[in-house]
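Here are a few friendly notes to read alongside the model.

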Amino acid sequence: MIQTILSVLSAAVTIYTLLCFISIIMSWIPGLKFTAFGKFISAATDPYMHFFSRWGFLRFGNLDFSPIVSIGLLSLLSSILGGIQATGRIYFGGILANIIFMLWSIISSLLGILFLLILIRWIVLLIKKGQTPFDSGWNQIDMLLNKFTYKIAGTFIKGGISYQKSLLVSWISLLVFLVAGRILVNILVNLCSMIPF
C-alpha cells in the first residue's frame with residue numbers, strides 16, 4: 001500500500017517537473033503562454049514557479065536563476081521518494097546524501113554558467129585587446145559581471161585591477177571552488193551513505 005502511494009507521488013512529482021520545464025521553455029516564445037495549452041500550463045505551474053522568483057538572491061542582474069532552483073527541488077523530492085520506495089524505509093543517511101548532492105548540483109549549475117560566461121568574456125577581451133564597442137551586446141554582460149568579478153578579485157588582489165584581470169582571477173577562483181566543492185560533496189555523500197539509519 002505504502003509502495004503504491006510512494007510510486008504515485010513520485011510519478012506526480014516527475015510529471016509536475018516536466019510541466020514546469022515546459023513552462024520555462026514556453027516563456028522563451030512570445031505569445032505561447034496565451035494559447036489554451038499555455039494558459040493550462042501557466043495555471044498549473046505559475047504559483048510554484050513564482051514562489052521562487054520572489055527571492056531576490058536568485059536574480060543576478062538580468063538573469064533569473066529561480067527556475068533552476070525550482071526544478072532542482074522537484075528533482076530532489078522525486079529522488080527522495082524514489083529512494084524510500086526502493087528501500088521500503090525512510091533512510092536518513094540516503095535522504096541527507098540526496099539533499100547534499102542536489103544542493104551542490106544546483107549551486108554548481110549556477111556557478112558553471114557564470115564560469116563559462118566569464119571565460120568567454122575574458123577570451124573575447126583578449127582577442128579584441130581589451131576594446132569593446134559601446135553598442136555591442138557585451139556591455140550588458142559586462143554590467144552583469146563587473147561587480148561580481150571585482151568583488152572576487154578584490155579578495156585576492158589589493159589596489160587597482162583591470163577588468164580583464166578581474167575576470168581571470170574570478171574564473172580561476174570559480175574553477176578552484178568547483179573542483180574543491182565537487183571533492184568535498186563526494187566525501188560528504190559517501191559519509192552520509194554510511195549512516196546506518
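This is a predicted model: local features need pLDDT of at least 70, side-chain atom pairs count only at pLDDT 80 or more; totals for chains, interfaces and linings use all residues.

1. Once its neighbours within four places in sequence are set aside, Thr45 is in contact with Tyr16, Leu19, Cys20 and Ser23. Thr45 itself sits in helix 2, which covers residues 36–53.

2. Is Thr45 buried or exposed? Its relative accessibility is 0%, and the cut-off for buried is under 20%, so Thr45 counts as buried.

3. Ser70 is worth a look next. This serine belongs to helix 3, residues 66–87. Which residues does Ser70 touch, not counting those up to four places away in sequence? They are Tyr48, Met49 and Phe52. Ser70 has a relative accessible area of 1%, so this residue is buried as well.

4. Towards the other end of my list is Leu191, found in helix 6 (residues 163–193). With a relative accessibility of 48%, Leu191 is partly exposed, a class that lies between the 20% and 50% cut-offs. Please also look at Gly93: its C-alpha atom is 8.4 Å from that of Leu191, although 98 residues separate the two along the chain.

5. Now for the overall fold. How many helices and strands does the protein have? There are six helices and two strands, and their order along the sequence is α-α-β-β-α-α-α-α. The radius of gyration is 21 Å, whereas the globule rule gives 16 Å for 197 residues, so the protein is more spread out than a compact globule. A box of roughly 65 × 50 × 25 Å along the principal axes holds the C-alpha atoms.

6. Of the 197 residues in the protein, 35% are buried; Thr45 and Ser70 are among them.

7. Last, the surface and the charges. The accessible surface is about 12,100 Å², and carbon and sulfur atoms account for 75% of that area. The protein carries 13 positive and 4 negative charges, and the mean positions of the two sets lie 10 Å apart.

Key
Residues are numbered from 1 along each chain as its sequence is written. Side-chain values use heavy atoms; hydrogens and water are left out. Helices (H or I, at least four residues) and strands (E, at least two) are DSSP runs, numbered from the N terminus. The radius of gyration is taken over C-alpha atoms; the globule rule is 2.2 Å times the number of residues to the power 0.38. Buried means under 20% relative accessible area, exposed over 50%, partly exposed in between (1.4 Å probe, protein chains only). Accessible areas come from the Shrake-Rupley method with a 1.4 Å probe; for residues, only the protein chains shown count as cover. Lys and Arg count as positive and Asp and Glu as negative; His and the chain ends are not counted. The place of a charge is taken as NZ of Lys, CZ of Arg, CG of Asp or CD of Glu. Contact means heavy atoms within 4.5 Å.
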